[in-house]
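Dear colleague,

I am handing over the structure below, together with a short account of what was found in it. Please read the notes with the coordinates open beside you.

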Amino acid sequence: MRIHSEVAGEGPGIVLLHEGICDSRMWDTQWETFTRSHRVLRLDFRGYGRSPIEPGPYSSARDVIETMDRHGFERAALVGVSLGGRVALEFALAQPKRVSALVLVGAGLPGHGWSEGQRAIWEEEEAAVQAGDLDAAVEVSLRAWVDGPRRKPEDVDPAVRGRVAEMQRRIYELQGSVEKDEEELLVEGVAERLGEIRAPTLVLVGEEDVPDIQSIAERLAREIPGSRRATIANTAHVPSMERPREFEELVLGFIDEVA
């Protein structure tokens, strides 16, 4: 199965890894700016956007490695959000020499003990999906991740909510074709191996993101040697979409300095 991917621009490599409520379209704004000075790759993980998902085990991190190989990316800065951040961590541990810089945005972390509140949100979302009410499931996801716990829907740009809603609904439709997600980690014990990461790392989080993500960001910044941490105000889990200018200045400034 071929993973959907796109490449544009010239210069040092950047690989953009999307989050679990979006697909590679979340990077549309960065696609215009990053490609002016870098060669950029973006892709859809299996079961997202234009990449189908089939029954059987797979590894998202391995898919990234194979996609980079196919497009001739020997080394690149990895920019991963949420799910994409977790995949970037796996990649950095599996093939450290290929990572010039690591940008972890609201990143996930295998083994994190999720709070009761967050688990309840996922249960509500799953119940709506199982009932066939995708509109309700999308709204649960938007309230949790796009709005965040301290904001109301009207506090968020409706265009951003609409774009995420479209991508989230597509995920439900694609992933509903398989009984269960059989993704396997390429690297085990990621949380216990953060001290092994040697790539220059920026840990970035939206000020309005959920407490669990804030906790993970604190741990990543504390345990990855030499890492930096930054916060973007007035945004939750999609800072690249809500606050693209601040996001791009932080990310490109960091990559161009260290990579």
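Which helices each supply at least two residues of the lining of the largest pocket? Before the answer, please bear in mind that this is a predicted model. The helices concerned are H3 (83–94), H4 (116–130), H5 and H6, and the largest share of the lining, five residues, comes from H4.

The pocket itself holds about 1200 Å³ of space, and its lining is made up of 38 residues, among which Gly20, Tyr48, Trp122, Gln175 and Asp181 lie nearest the centre. Sorted by class, that lining comprises 18 nonpolar, ten polar and ten charged residues.

On the H4 side the contact is made by Gln118, Ile121, Trp122, Glu124, Glu125, Ala128 and Val129, while H5 contributes Leu134, Ala136, Ala137, Val140, Ser141, Ala144 and Trp145. The residues of this contact divide into ten nonpolar, two polar and two charged.

The crossing in which H5 passes H6 is right-handed. From H5, the residues that meet H6 are Leu134, Asp135, Ala137, Val138, Glu139, Ser141, Leu142, Arg143, Val146 and Asp147, and their partners in H6 are Val160, Arg161, Val164, Ala165, Gln168, Arg169, Tyr172 and Glu173. By class, this contact of H5 with H6 has nine nonpolar, two polar and seven charged residues.

The remaining pair is H2 (residues 60–70) and H3, whose axes come within 9 Å and cross at roughly 70 degrees. Since angles of 65 to 115 degrees count as roughly perpendicular, H2 and H3 are roughly perpendicular to each other, and their crossing is right-handed. In this contact Ser60, Ala61, Val64, Ile65 and Met68 of H2 meet Val87, Glu90 and Phe91 of H3, and the residues involved divide into six nonpolar, one polar and one charged. H3, as noted above, is also among the helices that supply at least two residues of the pocket lining.

With best regards

Definitions and conventions
Residues numbered from 1 in each chain as written. Predicted model: local features only at pLDDT ≥ 70, side-chain atom pairs only at ≥ 80, totals over all residues. Heavy atoms only, no water. Left-handed = near helix turned anticlockwise from the far one by under 90°. Helix = DSSP H or I, 4+ residues; strand = E, 2+ residues; numbered from the N terminus. Contact = heavy atoms within 4.5 Å. Nonpolar A, V, L, I, M, F, W, Y, C, P; charged D, E, K, R; others polar. 1 Å grid on protein atoms, 1.4 Å probe; cavity = no way out; pocket = protein on both sides within 12 Å on 5 of 7 lines; lining within 4 Å. Points joined across faces, edges and corners; volume = space filled by probe spheres on them. Axes fitted to C-alpha atoms, helices over the stretch in contact; angles between N-to-C directions. Parallel < 35°, antiparallel > 145°, perpendicular 65-115°, else oblique.
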